[in-house]
Every structure is written in structure tokens, then in C-alpha cells.
Amino acid sequence: MTATTPTTGTAHALNFEAVNTTTNEAQAFALLQATSDATMAKLYLSRGNIPAARRKAVQLLKALQVMEVAA
């Protein structure tokens, strides 16, 4: 039996906490979010935008945490 996460209202499509999903789908969304956050953090670092890179790094860590919890 797979666990589901209830919806919490209107949210962005990549907000994996707000979408009604199974555990495997939540992991897939978290992986997609982590990949996106890592890419954006790298881009911001290459442009010297340290505050934006830091924000993306925090979001990356949150996505990785969701992946670990869902496993």
C-alpha cells in the first residue's frame, strides 16, 4: 500500500508538498526540485550572486530532506 499526501491548497506545480501524490511520485518531484535548485545555485554562483545561490542551496537541502524522508 502506498502512502498519499493530502493537498494543501493551490500551489506551484513543483511544490511537492502540496500535490496529492504517492511516495514514489513525491520522491520524483523532490529529485526534480533538487536538480533544478542545484542548477540554479550553480548559475547564481557563476554570476557572483551569493545571496541567491545561498537561497537555492537552502531549497536544495529541503528537497534532499524530502527525498530522504520519503525513502
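Author: Leaving aside neighbours within four places in sequence, Asp-37 is in contact with Lys-56, Gln-59, Leu-60 and Ala-63. The model is a predicted one. Asp-37 itself is found in helix α1. Asp-37 counts as buried because its relative accessibility is 1%, and the cut-off for buried is under 20%. For the chain as a whole, 21% of the 71 residues count as buried.

The chain has two helices and zero strands. Helix α1 covers residues 23-46 and helix α2 covers residues 50-70. The two pack with their axes 8 Å apart, at an angle of about 160°. α1 is therefore roughly antiparallel to α2, since angles over 145 degrees are counted that way. Their crossing is left-handed.

Asp-37 is one of the α1 residues that meet α2. Others on the α1 side include Thr-23, Gln-27, Ala-30, Ala-34, Ala-41 and Leu-45. On the α2 side, the residues met include Ile-50, Ala-53, Lys-56, Leu-60, Leu-64, Met-67 and Ala-70. By type, the residues of this contact divide into 18 nonpolar, four polar and two charged.

Among contacts between residues at least 6 apart in sequence, 31% join residues at least 24 apart. The chain exposes about 5100 Å², of which carbon and sulfur atoms supply 61%.

Conventions. Residues numbered from 1 in each chain as written. Predicted model: local features only at pLDDT ≥ 70, side-chain atom pairs only at ≥ 80, totals over all residues. Heavy atoms only, no water. Axes fitted to C-alpha atoms, helices over the stretch in contact; angles between N-to-C directions. Helix = DSSP H or I, 4+ residues; strand = E, 2+ residues; numbered from the N terminus. Parallel < 35°, antiparallel > 145°, perpendicular 65-115°, else oblique. Left-handed = near helix turned anticlockwise from the far one by under 90°. Contact = heavy atoms within 4.5 Å. Nonpolar A, V, L, I, M, F, W, Y, C, P; charged D, E, K, R; others polar. Buried < 20%, exposed > 50% of the residue type's maximum accessible area, 1.4 Å probe, protein only. Areas by Shrake-Rupley, 256 points an atom, 1.4 Å probe, with all protein chains shown as cover.
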